[in-house]
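The sequence and the model are shown first.

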Amino acid sequence: MAIAVLVGSLRTDSITRKIARALEPFMPSLQFEHVEIGNLPLYNQDLDDTTPPPEWTAFRERMRAANGYLFVTPEYNRTIPGALKNALDVGSRPGGKSSFAGSKPGAVVSVSPFLLGGFGANHHLRQALVFLDVAVLQQPEMYVNKALELLDDEGAPKQDATKKLFEKFGAAFTGWINRLS
Ligand code: FNR
């Protein structure tokens, strides 16, 4: 099962990307493919009406080919980063031809160095995914807080509580993918 991973941060040393990588070993039967979103020109319908940028076309094809989606995002100003919103917009168009169509399974993980764990971003993302017809895993909700303290030098969870949460999420998401595929 090929799962497209969309990370909401473009930063080289992103803690969000590290958390995404740390989750993957807890889902050994799934194949994760990180998809670049930082290269996508800002959505502008004029380009769809003339010549869509090749980066849009490649991104749309990868979204269409995926068996499911894992969204791992930081919170920017209590919502999702613009780069991630742009990726959703690009993937959703042209109208009636969304590359996310098909009620495919997905999951949302929000990540923050602070206490709230990106709750605002998590739910804003879920709101858009309802419209995009991505079937988002409900439980466990993943608000990964104090993220800078969670991983060791190898990028694995340090504490048992984090491991247990990642195990719970991994089992639930794997089951969700298998159930809906
Ligand atoms: C942030 N940050 C942030 N954090 C948070 O928990 N809630 C928020 O609303 C915001 N808002 C916000 C806006 C902008 C523009 C930036 C750049 C940052 C802090 C953010 O969580 C922190 O920079 C993380 O390290 C970003 O994730 P990556 O890039 O490390 O994955």
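## Ligand site

The structure is a predicted model. Its largest pocket is the space that the ligand takes. The ligand is surrounded by 13 residues, of which Ser-9, Ser-14, Thr-16, Glu-75 and Ser-112 are the closest.

Arg-11 places a polar side-chain atom 2.7 Å from an oxygen atom of the ligand, and Ser-14 places a polar side-chain atom 2.6 Å from an oxygen atom of the ligand. In the case of Arg-78, a backbone N or O atom lies 2.8 Å from an oxygen atom of the ligand. The ligand taken alone exposes 620 Å², and the protein buries 73% of that.

## Val-111 in strand S4

Strand S4 spans residues 105-111 and includes Val-111. Val-111 counts as buried because its relative accessibility is 2%, and the limit for buried is under 20%.

Beyond residues up to four places away in sequence, Val-111 touches Ile-15, Thr-16, Ile-19, Val-72, Thr-73, Pro-74, Glu-75, Gly-117, Val-144 and Ala-147. Ile-19 is 92 residues from Val-111 along the chain, yet their C-alpha atoms are separated by 7.8 Å.

## Helix H4

Helix H4 covers residues 82-92, and its buried residues are Leu-84, Asn-86, Ala-87, Leu-88, Val-90, Gly-91 and Ser-92. The elements that cover these buried residues include strands S1 (2-7) and S3 (68-74), together with helices H3 (54-65) and H5 (119-131).

Technical notes:
Residues numbered from 1 in each chain as written. Predicted model: local features only at pLDDT ≥ 70, side-chain atom pairs only at ≥ 80, totals over all residues. Heavy atoms only, no water. Buried < 20%, exposed > 50% of the residue type's maximum accessible area, 1.4 Å probe, protein only. Helix = DSSP H or I, 4+ residues; strand = E, 2+ residues; numbered from the N terminus. Contact = heavy atoms within 4.5 Å. Near = heavy atom within 4 Å. Polar contact = N/O pair within 3.5 Å; in protein donor to acceptor, adjacent residues only side chain to side chain. Areas by Shrake-Rupley, 256 points an atom, 1.4 Å probe, with all protein chains shown as cover. 1 Å grid on protein atoms, 1.4 Å probe; cavity = no way out; pocket = protein on both sides within 12 Å on 5 of 7 lines; lining within 4 Å. Sits in = over half its atoms within 2 Å of the grid points.
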